[in-house]
Amino acid sequence: LRGLELDYESSRERHRLERQEIARAIGYYAGMPWEPERLDSMVEALLAEYERRGYPNTQVEAEIEPSLTDPEAVSLRLRINEGRGIRIHRLNFEGELGLEELELRRACELDRGDIFDQATLEEDIERLIELYRNEHYFEVRIDTPQIEEVEPDRRGRRQVRVTIPVNPGDHYEVAIIGNDGITDERLLEIMRITEESELTPS
């Protein structure tokens with residue numbers, strides 16, 4: 001057989017994972033050679049990705065069918081039942097924050113009641129770091145979030161409490177004198193002030 005095609009259907013109208021995310025999780029690319037011995041590992045990889053995205057009870061049925069467009073290819077058809085997702089009961093910030101907690105919450109995409117998606121949590125941490133550095137906390141450090149499962153909600157859905165430990169470090173005043181050619185913000189971006197820079201706190 002010359003190649004593998006990918007097709008899938010989900011139990012939800014809005015899929016948690018889009019086609020390209022499913023393909024990336026199972027290591028699929030267009031026209032890849034079909035290796036039957038890889039089927040189990042592809043399904044396991046997809047289940048692991050769904051768990052990382054907040055759906056640990058996902059079930060996947062995989063079938064190999066003849067391709068409708070290429071007589072020398074086969075089609076991998078995935079039937080996905082995502083099941084119930086784990087939701088966020090509370091999202092907390094821990095430590096001497098340096099900034100208002102409301103600012104931190106506005107920077108995050110995740111909030112109470114959302115599906116606990118570790119990929120989004122990682123992106124939120126990057127957004128928080130960017131927020132702190134924009135506010136001249138150049139040595140900010142955000143440690144690994146603490147995830148604690150709590151009692152199910154009234155509908156029996158699993159919930160977790162997410163605590164993000166924040167150490168903003170010292171706050172710096174940055175003075176730019178004699179700059180008329182470009183904005184100060186652009187100049188700071190060009191300077192690429194980072195936590196490795198030698199700075200004196202305010």
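## Aromatic pairs

Rings of Phe, Tyr and Trp (its six-membered ring) are treated as a pair if their centres lie within 6.5 Å; planes under 30 degrees apart count as stacked, over 60 as edge-to-face and the rest as tilted. The structure, a predicted model, holds 2 aromatic pairs. In one of them, the ring centres of Tyr-132 and Tyr-137 lie 5.6 Å apart with the planes at 80°, so this pair is edge-to-face. Tyr-132 is buried, at a relative accessible area of 0%, and Tyr-137 also counts as buried, at 11%. Here buried means under 20% relative accessible area, exposed over 50%, and partly exposed in between, with a 1.4 Å probe and protein chains only.

Phe-138 and Tyr-172 form a tilted pair, 5.8 Å from centre to centre and with 35° between the planes. This pair links distant parts of the chain, 34 residues apart: Phe-138 lies in the loop between α4 (118-134) and β5 (141-142), and Tyr-172 in the loop between β7 (159-167) and α5 (184-191). Helices (H or I, at least four residues) and strands (E, at least two) are DSSP runs, numbered from the N terminus. Phe-138 is buried, with a relative accessible area of 5%, and Tyr-172 is buried as well, with 3%.

## Helix α1 and its cover

Helix α1 spans residues 19-26, and its residues Glu-21, Ile-22, Ala-23 and Ile-26 are buried. An α-helix has 3.6 residues a turn, so residues three or four places apart point the same way. The elements that cover the buried residues of α1 include β1 (3-10), α2 (39-52) and β3 (73-81). Just after α1, Gly-27 adopts a positive phi of about 75°.

Glu-21 is part of helix α1 and is buried, with a relative accessible area of 18%. Its side chain reaches the backbone nitrogen of Glu-18 at 2.7 Å. A polar contact of 3.1 Å also joins the side chains of Glu-21 and Arg-53. A polar contact is a pair of N or O atoms within 3.5 Å; within protein, one must be able to donate a hydrogen and the other to accept it, and residues adjacent in sequence count only if both atoms are side-chain atoms.

When residues up to four places away in sequence are not counted, Glu-21 touches Arg-16 and Arg-53, contact meaning heavy atoms within 4.5 Å.

## Basis of the values

Residues are numbered from 1 along each chain as its sequence is written, and side-chain values use heavy atoms, with hydrogens and water left out. Because the model is predicted, local features need pLDDT of at least 70 and side-chain atom pairs count only at pLDDT 80 or more, while totals for chains, interfaces and linings use all residues.
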